[in-house]
Amino acid sequence: MYKIGDVRNGYEVLPKDKRKTVILLSDDLRMTSGVGNVSREFVLGTCHRFNWIQIGGAIKHPEDGKVVDMKDAVKQETGVEDAHLMIYPISGYGNDEVLRSIMGIEKPDAILHYTDPRFWTWLYNMEHEIRQNIPIYYYNIWDDLPYPRWNENFYESCDLIMNISKQTYNIVNNVWHQQPPEDWQVTYVPHGINSKVFKPLPDDDKGYLQFLKESKHPKDDYEFVVFYNARNIRRKLPGDVILAFSTFVDMLPEEKRDKCLLLMHTSPVDENGTDLLAVADAIAEDKMVQFSSGKLSPEQLNYLYNMADVTINMASNEGFGLGTAESVMASTPMIVNVTGGMQDQCGFKLKGKELTPDDYDEIHSLHDDKKWKDNPDLTHGEWVKPVWPSNRSLQGSIPTPYIFDDRCRGDDVADRLKEWYDTPLEERKEAGEKGREWMKREEIGM
């Protein structure tokens, strides 16, 4: 157990009455969404320095209106004896009346919100009321160019913006102009991946073997496993993943084709995406495509990363790409589309120097294949085989009038799969291990 004055995660444990209290607005940290998972990580990782209150959102929250005291659960998981976490579950992301009520009860020192700014219009509408006494912080991501000028008022409503990707850092600096921020108000704070949870496991790990047996994913039946861990929604392009896998398998000798598996941890049928069962039947009818659709704990998810030979993300818009980052932390290599925050996971270097957030003021994005795909000055980490978009379409809607949709070709991805397949197992493992060590470094390029 950690006591007052002990050092945890590099910082001294503060007494409860000396900690600042922060209200967090995001997905309920008990949920399995990417936003929920990351919210949990930074709350648990800093509960010795801050008292946390969460207004925890979900589409139709089963505990809407309740108040959940999480101190015992947090104490058990973190070892911080007097950790403080209260969750106010809510359907959606809250509203001004709920926030005012909770502010009156909890007396926060700051408000931190996280995810797409369009969800927080109600918060920005009351920013003058809040910021007289309480600062508003934003953990921010934006998927792609062109610069979203309509977000400027949102950014100006915040006292501090912590950006998840280098590209987003550049976007905020190029959009926030009317009342320019101080240097300290726009920072780069990428997602942290828990290296104690996502890690390589020995082949004879009992928990790993038992999970594979119970989940009916026998690794020994396959020589090469491709893993997809993302929602079945249009921008994630899960159908293209199946197409790329099918194209790759067709490159192999006939006797090797049934030794390859595409394992997709997603809902097979989703109104926001498509019917992947039908896609697999039509596009990969004689290929091994399986689905893992149940909710998994982080530890169980790590088992699947360990089962995989490579993890894939072809998304045409991606703020960060949590699944591939977790995969690399588990020492499993990846294939990603060069777009959004996934650029940060590739370890790109320009003329031997790793790119910093400030470099993106000139680069803007690496998604331009004509400029960067075959550029000899640009290199990447051994743990990734990047695929450049072959097409950029300017999409939009009324709330977001324009954004590039970066699409890579399925046959380009198939070629990268073949390259990993032809890489000897020990070399794949070594590449994954280098990725893990790179992910664990403390330097983030500011």
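By buried I mean under 20% relative accessible area, while exposed is over 50% and partly exposed is in between, using a 1.4 Å probe and protein chains only.

Before I go on, a word on the model. This is a predicted model, where local features need pLDDT of at least 70 and side-chain atom pairs count only at pLDDT 80 or more, while totals for chains, interfaces and linings use all residues. Residues are numbered from 1 along each chain as its sequence is written, and side-chain values use heavy atoms, with hydrogens and water left out.

Back to Y139. Searching the whole structure turns up 21 aromatic pairs. In the pair of F42 and Y139, the ring centres are 5.7 Å apart and the planes sit at 90 degrees, so this one is edge-to-face. The cut-offs: rings of Phe, Tyr and Trp (its six-membered ring) pair if their centres lie within 6.5 Å, and planes under 30 degrees apart are stacked, over 60 edge-to-face, the rest tilted. F42 belongs to helix α1 (residues 34–46) and Y139 to strand β8 (residues 136–140), so the pair ties together parts that are 97 residues apart in sequence. Helices (H or I, at least four residues) and strands (E, at least two) are DSSP runs, numbered from the N terminus. Which residues join the cluster? Ring pairs link F42, F50, W52, Y114 and Y139.

Let's zoom out. The protein chain has 16 helices and 21 strands. Its radius of gyration is 22 Å, close to the 22 Å that the globule rule gives for 446 residues, so the chain is as compact as a globular protein of that length. That radius is taken over C-alpha atoms, and the rule is 2.2 Å times the number of residues to the power 0.38. The C-alpha trace spans about 70 × 50 × 45 Å along its principal axes. Of the 446 residues, 55% are buried. If you take contacts between residues at least 6 apart in sequence, 72% of them join residues at least 24 apart; contact here means heavy atoms within 4.5 Å.

Now some strands. In strand β3 (residues 20–27), seven of the eight residues are buried, so β3 is largely enclosed by the rest of the structure. β3 pairs with strand β4 (residues 50–58) in the parallel sense, over eight bridges. Two strands pair if DSSP finds at least two bridges between them. L25 has I55 in β4 as its bridge partner. β4 itself has eight of nine residues buried, so β4 too is largely enclosed by the rest of the structure.

Elsewhere there is an open sheet of three strands, in the order β17-β16-β18, with antiparallel pairing. β17 (353–354) and β18 (378–379) stand at the edges with a single partner strand each, so one side of each has no neighbour in the sheet. Strand β16 (residues 349–350) is joined to β18 by two bridges, and K349 stands opposite T379 in β18.

On to helix α9 (residues 238–250). Its 13 residues reach 19 Å from the first C-alpha to the last, close to the 18 Å expected at 1.5 Å a residue; that expected span is 1.5 Å times one less than the number of residues. Buried residues in α9 include P238, F245 and F248. What covers the buried residues of α9? The cover includes β11 (224–229), β12 (260–265) and α15 (410–422), among others.

Phi of L237 is near 55 degrees, a positive value in a residue other than glycine, and L237 is buried at 5% relative accessibility. K216 also has a positive phi, near 60 degrees, but K216 is exposed, with a relative accessible area of 67%. Then there's a cis peptide bond between L145 and P146, with omega about -5 degrees. For context, most residues other than glycine have a negative phi, and most peptide bonds are trans.

Last stop is W438, in helix α16 (residues 425–440). W438 is buried, at 13% relative accessibility. Leaving aside neighbours within four places in sequence, the contacts of W438 include D344, C346 and W383. R441 lies over the face of W438, at 4.0 Å from the ring centre. K385 does likewise over W420, at 4.6 Å from the ring centre. That label needs NZ of Lys or CZ of Arg within 6 Å of the ring centre and within 35 degrees of the ring normal.
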